[in-house]
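Please examine the structure shown below together with its sequence. The paragraphs that follow lead from the overall fold to two individual residues.

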Amino acid sequence: MAAPVEINHVKAQGIVRITWDDGHSGEYPREHLRGYCPCALCQGHEPAVEKRFVEVPDVGLDAIEPVGNYAVCFRWSDGHVTGIYTFDYLRSLCPCSECEKN
Ligand SMILES: [Zn+2]
Ligand SMILES: [Zn+2]
């Protein structure tokens with residue numbers, strides 16, 4: 001499992017840049033990360049085949065907090081903090097063209 005070595009919130013660009021321990025790095029637009037929040041509120045309790053996208057335009061990011069050594073929690077400006085983004089899940093959200101092929 002890949003783990004992030006660096007997570008940078010680049011406020012001016014509205015992105016979160018994640019560098020992984022396998023050398024990969026991805027730039028995640030904030031709305032993309034917020035939209036694919038993995039919590040039960042956003043994704044529903046029933047297992048869905050497709051990830052659901054919750055649209056929160058112009059969402060801000062107040063803080064990024066580590067959860068154990070397997071996940072991170074984002075504190076969003078809309079008050080939403082219940083999403084625990086495991087490293088695997090975070091990696092699967094990488095919007096770069098290389099990852100999108102998989
Ligand atoms: Zn959520
Ligand atoms: Zn990628």
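Helices (H or I, at least four residues) and strands (E, at least two) are DSSP runs, numbered from the N terminus. Read along the sequence, these elements follow the pattern β-β-β-α-α-β-β-β-α-α, with four helices and six strands in the protein. The radius of gyration, taken over C-alpha atoms, is set against a globule rule of 2.2 Å times the number of residues to the power 0.38. The protein has a radius of gyration of 13 Å, close to the 13 Å that this rule gives for 102 residues, so it is as compact as a globular protein of that length.

The model is predicted: local features need pLDDT of at least 70, side-chain atom pairs count only at pLDDT 80 or more, and totals for chains, interfaces and linings use all residues. Residues are numbered from 1 along each chain as its sequence is written, while chains are lettered from A and ligands numbered from 1 in the order in which they are written.

A residue is buried if 20 or more other C-beta atoms, placed from the backbone, lie within 10 Å of its own, exposed if 12 or fewer, and partly exposed in between. Buried residues make up 16% of the 102 residues. Val 16, in strand β2 (residues 15-20), counts as buried because it has 22 C-beta neighbours inside 10 Å.

Asp 58 lies in the loop between α2 (40-43) and β4 (61-67). With 9 C-beta neighbours inside 10 Å, Asp 58 counts as exposed. Most residues other than glycine have a negative phi. Asp 58, although not a glycine, has a positive phi of about 55°.
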